[in-house]
Structure formats: C-alpha cells, structure tokens
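This report walks through one protein model. Please have the sequence and the coordinates open while reading.

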Amino acid sequence: MTLMREEALAAADQVRLQLAQDLEQFTAVGEYLRSDSPHSVVTIARGSSDHASAFFAYLLSARLGHLVTS
C-alpha cells in the first residue's frame, strides 16, 4: 500500500478525532455562523487544499447561495 493511499484511508479517522477533540470550538463556530450568516467567503489555498476549497465553494454556493472567492 502506498503512503498516499494510507493517508487517504486514515482521513476519516483523523476528522473524527479532530471533531471529538475540538467539539466546543466547532459548536461555537456553528452557532456564530447560524446567528450572523456571512454574505460571502474568501478561501486561500494551494494544491490539494485548493481542490478541497473548490469543493467547499461549490457546496456553499449550491446549498446556501453564498459567493465564494478563492
């Protein structure tokens, strides 16, 4: 198995761990966004992170109608 495949397969566990460890912070951010929803979002990324932010931009635009600029 390649290192890239191992990292990809471990991603879900890492996200689960991060959510569990930082639940209070994610809850606070969620409450803030629900109370004062932004009209637009700016992302800053390169490489594979840029791909992830493009996917995020698509979801945010499609589901909430917000402008996302990279």
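## Ala54 and helix α3

Ala54 has a relative accessible area of 45%, so Ala54 is partly exposed. The classes are buried (under 20% relative accessible area), exposed (over 50%) and partly exposed (in between), with a 1.4 Å probe and protein chains only. Ala54 sits in helix α3, residues 48-64. Helices (H or I, at least four residues) and strands (E, at least two) are DSSP runs, numbered from the N terminus.

Ala54 and Leu9 are 45 residues apart in sequence. Their C-alpha atoms are 21 Å apart in space.

## Basis and confidence

This is a predicted model, in which local features need pLDDT of at least 70, side-chain atom pairs count only at pLDDT 80 or more, and totals for chains, interfaces and linings use all residues. Residues are numbered from 1 along each chain as its sequence is written, and side-chain values use heavy atoms, leaving out hydrogens and water.

The mean pLDDT of the protein is 90. pLDDT is the predictor's confidence in each residue, from 0 to 100. A value of 70 or more is reached by 100% of the residues. Among the elements, helix α1 (residues 3-21) has the highest mean, 92. Strand β1 (residues 40-42) has the lowest, 87.

The 19 residues of α1 should span 27 Å at 1.5 Å a residue. The expected span is 1.5 Å times one less than the number of residues. The end C-alpha atoms of α1 are 25 Å apart, which agrees.

α1 bends by about 40° at Ala11. The bend is the angle between axes fitted to the seven residues ending at a residue and the seven starting there.

## The salt bridge

A search of the whole structure finds one salt bridge. The criterion is a side-chain nitrogen of Lys or Arg within 4 Å of a carboxyl oxygen of Asp or Glu. Asp13 pairs with Arg16, and the closest N and O atoms are 2.5 Å apart.

Asp13 and Arg16 are three residues apart in helix α1, so about one helical turn separates them. Asp13 is partly exposed at 44% relative accessible area. Arg16 counts as exposed, at 51%.

## Leu19 and the nonpolar patch

Val15, Leu19 and Phe26 form a nonpolar patch on the surface. Together they have about 260 Å² of accessible area, computed by the Shrake-Rupley method with a 1.4 Å probe, where only the protein chains shown count as cover for residues. Patch residues have over 30% relative accessible area and no salt bridge; like charges are joined within 9 Å, nonpolar side chains (Val, Leu, Ile, Met, Phe, Trp, Tyr) within 5 Å.

Leu19 is found in helix α1. Leu19 counts as partly exposed, at 43% relative accessibility. Leu19 and Val68 are 49 residues apart in sequence and 24 Å apart in space, C-alpha to C-alpha.
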